[in-house]
Amino acid sequence: MIKDIPENWIYDKSMEMLFLFYQVTDELLSERTPDSYALPLHNVITLAHEMEEVYILLKRNNIIDTYYNNYIPPIIDEFIYNIENDSIFKKICGRRLSSIKTGFQEAKNNHVLLQRWLGSFTQACPLSKYINEYKNQIIHYVINNDKRKYDFIYLVKNYYITLRHSGYSKEFLYTSSKKFFSNDNIKIENSECIKIFLDYFDGKIKKINFLLLMNTESIDYIDNISNDLYKNIDIKKVSNIEQRASLCSEKCVNDLFEEYDRLSRKAKKHEKVEVVRYECIAIEPYQAAKHFVEFIDTLQTLKLYFLHFYSAKQIYRFLLQSEEGKYKNFVLPRRLHKRPYINIYLIKSRIKNILSAKAMTLQTIKSLADAINMHAEAINSKSNETLIRTFWTALETLFFNSNTTIRENVIHSIISIIQKTYLLKITRVLYKQIIYTLSKKDRRSIGLDSYQAFLTFFCNNDENSDMMKKLYILLNNNILLRTRLFFIRKKLATGNSILKTLTEHEQKINWQLSRLYRIRNIATHLGQESYGLSTAINHLHNYFDYIVNYVLCKSENNDIIIDMQTLVFETKNDNKIHRELLKSNDPLSETNYIEFLFGADQNLINYQFE
């Protein structure tokens, strides 16, 4: 989370919404953002695309009668839910809106109708029009300093979801925002600059040039068999001294050639270390590099199949050529996002608890160990398809129950634990962000010395109270955190409003887990990569980590775990008790916050998920 105005800004209060735009952009796109606030995968547009993608796969493989009712109706339900919140989509559709919603409802039970309504949807709301409407609304809010912040955050989120669907990667959007808004060579003087930034994402393909240090043995091997390979992909080896000398005026290029010299001297007989130029046409460089890596992986797969051998590493380093002709280091993102920082002493303590079986039976330890072994296998895999299969299998291992279907058991078990700890999670994240923003002196001035003290403060003071206003003042320029604090407190105002929040969250998690299982099945049984597979892998990884952390937190607090089935049963029962406690219009307060936020399990307040 960005808490301070960048030094290259000439800031005044008229630029408040521009700074909020930058804060939201950074949080949505950063790899380090807690999953609750990271960019979602879907909106109305992308859900329609998902429906079409799944429908075509089912029809092509002649399994539409078998799987349509399992796969399509949940997407339609999520699609209609998203329509209700999307004012721009409603505006574009106009008087067609009601018939579109009715048509998709009818298509839940009749796959023949789905393709017709998908076509009607596409005509009523073209992608380009949807993006432009969102772009124009964002510009309006920023330039007019329109302070309807909750609506604005929704606009920005939906805009980036749609840009990703158009072909832009999260990494490109993130680095572009840093390059523009936190660049010492660019002065941000007024809100008009939002137009310049948004115009950059015009959807046009561009010529992209890379300089690569790589092992070309797979390319050369295939090219010796088929002379067309180098003709079909624009790769040129930098093969003479004059070419090298002309490039080495830049430090990063010189470093690349020095690494080339080192690797060449140590290369094995079958390895062919080369510096190559690669030119392609793409919407942005991350997508271009990803496609090149996939192409090389395909060549390696062919060689592995026929010869049972290939060199493990093919691409050592990328340099990207800028529009000005200069090269810079370029790194593709990792498949799995970095974990949030965990205190090293906490890690050691948790390892010790596992080894000593603290508050865990041998059966629980075995389930945990088997699942962690599957997790290790997943991390070592080289393809997204294998990752999602193995992560799901790790969860099946953790929640194995012979009395229910594997899919339902995994989904219901995860939902019960995620639901039980949801309010703990969002309040801990909120407190963590306050710690990050405020000095110790400021926190002490209003009594926020600990998480428990923060909860007491949060529950004793509603969003409009004098004490909460003091906290808003201390948060100063952290507009995003002020806004989040206000709206979370408002959403958790009474027992019934907390119950509504939990119910909506449960539905979203259900949709997401059904999607993850669907993507896993399509990858496993149809051999197809679904839209959003790389995001789905990280979602599934987060769920696995979260479940394991829950088990370890119970162990730390001496809450005995007989086995995983009993743990899930206990969690489901606690959730029922919690929901009964929330059936009240009583306001959240210091006297009831333990019951309203944590239900029957008062130990939850001590659980650390950071």
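Leu-211 stands opposite Arg-277 in S3, and opposite Leu-319 in S4. The model is predicted, so local features need pLDDT of at least 70 and side-chain atom pairs count only at pLDDT 80 or more, while totals for chains, interfaces and linings use all residues. Residues are numbered from 1 along each chain as its sequence is written, and side-chain values use heavy atoms, with hydrogens and water left out.

Strand S1 (residues 206-215) and strand S3 (residues 273-282) run antiparallel and are joined by 10 bridges; strands are DSSP runs of E with at least two residues, helices are runs of H or I with at least four, and both are numbered from the N terminus. Lys-206 stands opposite Ala-282 in S3. S1 also runs antiparallel to S4, through 5 bridges. Of the 10 residues of S1, 8 are buried, so the strand is largely enclosed by the rest of the structure. Buried means under 20% relative accessible area, exposed over 50%, and partly exposed in between, with a 1.4 Å probe and protein chains only.

The open sheet has 5 strands in the order S2-S3-S1-S4-S5, with antiparallel pairing; two strands pair if DSSP finds at least two bridges between them. Strand S2 (235-237) and strand S5 (327-330) are the edge strands, each pairing on one side only. On average, neighbouring strands of this sheet are turned by 30° against each other, direction ignored.

Helix H14 (residues 251-266) lies across S1, S3, strand S4 (315-321) and S5, and runs at about 160° to S4. Axes are lines fitted to C-alpha atoms, for helices over the stretch in contact, and angles run from 0 to 180 degrees between N-to-C directions.

## Gln-314

Gln-314 lies in the loop between helix H15 (285-307) and S4. The residue is buried, with a relative accessible area of 4%. Its side chain is joined to that of Glu-217 by a polar contact of 3.3 Å. A polar contact is a pair of N or O atoms within 3.5 Å; within protein, one must be able to donate a hydrogen and the other to accept it, and residues adjacent in sequence count only if both atoms are side-chain atoms.

Not counting residues up to four places away in sequence, Gln-314 touches Met-214, Asn-215, Glu-217, Ser-218, Ile-296 and Gln-300. Contact means heavy atoms within 4.5 Å.

## Helix packing

The axes of helix H1 (residues 16-29) and helix H23 (residues 479-491) come within 8 Å and cross at roughly 80°. H1 and H23 are therefore roughly perpendicular to each other; angles of 65 to 115 degrees count as such, those under 35 as roughly parallel, those over 145 as roughly antiparallel and the rest as oblique. On H1 the contact is made by Glu-16, Phe-19, Leu-20, Gln-23, Val-24 and Glu-27, and on H23 by Ile-479, Leu-480, Arg-482 and Arg-484.

Helix H21 (residues 451-460) has Tyr-451, Phe-454, Leu-455, Phe-457, Phe-458 and Cys-459 as its buried residues. These pack against helix H19 (406-437), helix H22 (466-475), H23 and helix H27 (593-598).

## Positive phi in two loops

Most residues other than glycine have a negative phi. Ala-359 has a positive phi, near 55°, and lies in the loop between helix H16 (344-355) and helix H17 (362-379). At 16% relative accessibility, Ala-359 counts as buried.

Asn-558 also has a positive phi, near 60°. Its loop lies between helix H25 (533-556) and helix H26 (564-581). Asn-558 is exposed, with a relative accessible area of 54%.
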